[in-house]
Amino acid sequence: MFEVIDIQPKIGSEVRISREDFLAGTHAKEIEQLLVDRSALLFREMHLTGAEQRQFARTIGTVTDQGDDGLSMISMNPEVSSVAGYTRGAFYWHIDGANDPIPAKATMLSAVVLAEEGGDTLICNTYAAYADLPDEEKAKLEGLRVRHALEATQRLVTPQPTVAELNQWRSRPSRSHPLVWHHKSGHSSLLIGATGYYVEGMSREDSDMLFTRIQEWATQDDYVYRHKWTVGDFLLFDNTGGMHRADWYSLDSDRLMHRCTLDGEEPITN
Ligand SMILES: [Fe+2]
């Protein structure tokens, strides 16, 4: 069984597949292609163990070396996750690994414990958002470069940092990326999100307005899939042409996701 049901015209598909085929990678090539074409892939109520999630992840890429052999606990509880403080940055639209030389290829979440309220995951398709921009807007964005930094995200979480916090954020590398990423596939995506600190060579006012405008465009309902979780759901989303965020939930919540991230495979060359 391998069945794909589109959820919205421009983003999101549900994939129905037997557990055996899912774990064996029988349809890995199709899933990889769907990931880019549809941005978000839902596998309902899979109830994967950590080992099974890793096993599937390895069929479609190289699992990023983090957490427990590639599996991270995503929680706001510092006793469960050592980076719980940083996780609050996930309430804002972002891509994973924007401060790395090659951003992550994809991220996948398995729902273990749900928030009592809120905690949906939202994904937007920035390939489609870019493709739909008017030509004159595309021309304006061409050649612009954005500085991405941890500081940009953390200022949203901690607007009044201490000097120690600021030094800590700035000890992590920042990265300059083109605002429009032209991929080898011939498609282009928008490289924006909360890690984007400023557009290089632009005034703060103009940079902020540009970001706000482009982000508002890219996160219109047509380009966004909002996933309302059921325990055991498994969600796989593209990170090369998409942003994601968690909808607000209580910081006291026991919400727990198991996450694997895949290493990026395509350097940004433009
Ligand atoms: Fe993320």
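## Close-up views of a predicted model

View 1. In β13 (234–238), Phe 237 is the bridge partner of Thr 107, where strands are DSSP runs of E with at least two residues, and helices DSSP runs of H or I with at least four, each numbered from the N terminus. The model is predicted, so that local features need pLDDT of at least 70 and side-chain atom pairs count only at pLDDT 80 or more, while totals for chains, interfaces and linings use all residues. Residues are numbered from 1 along each chain as its sequence is written. Five bridges link β5 to β13 in the antiparallel sense, two strands being paired if DSSP finds at least two bridges between them. With β15, strand β5 pairs over seven bridges, again in the antiparallel sense, and Leu 256 of β15 is the bridge partner of Val 113. Six of the eight residues of β5 are buried, so this strand is largely enclosed by the rest of the structure; a residue is buried if 20 or more other C-beta atoms, placed from the backbone, lie within 10 Å of its own, exposed if 12 or fewer do, and partly exposed in between.

**View 2. The seven-stranded open sheet.** The strand order is β1-β2-β3-β13-β5-β15-β4, with mixed pairing. Strands β1 (2–6) and β4 (72–74) form the edges, each pairing on one side only. Neighbouring strands of this sheet are turned by 25° against each other on average, direction ignored.

View 3. Helix α2 (residues 28–38) lies across β1, β2, β3 (40–43), β5 (106–113) and β13, running at about 125° to β3; axes are lines fitted to C-alpha atoms, for helices over the stretch in contact, and angles run from 0 to 180 degrees between N-to-C directions. Helix α3 (residues 50–60) also packs on the sheet, touching β5 and β15 (256–262), and its direction makes about 25° with that of β15. Here, two residues are in contact if their C-beta atoms, placed from the backbone, lie within 7 Å.

**View 4. Leu 41 and the largest nonpolar core.** This core holds 58 residues, of which Ala 40, Leu 41, Met 108, Leu 190, Ile 192, Leu 235 and Leu 236 touch the most other members; a nonpolar core is a set of buried Ala, Val, Leu, Ile, Met, Phe, Trp, Tyr and Cys residues joined through C-beta atoms within 7 Å. Leaving aside neighbours within four places in sequence, Leu 41 is in contact with Ser 13, Val 15, Ile 31, Leu 34, Leu 35 and Leu 236.

**View 5. The buried residues of helix α7.** In α7 (residues 150–157), Leu 150, Ala 152, Thr 153 and Gln 154 are buried, and the buried residues of this helix pack against α8 (163–170) and β11 (196–199).

**View 6. Ala 90 in a loop.** Ala 90 lies in the loop between α4 (84–87) and β5, and it counts as partly exposed because it has 19 C-beta neighbours inside 10 Å. Not counting residues up to four places away in sequence, Ala 90 touches Arg 245 and Ala 246. From Glu 20, by contrast, Ala 90 is 70 residues apart in sequence and 32 Å apart in space, C-alpha to C-alpha.
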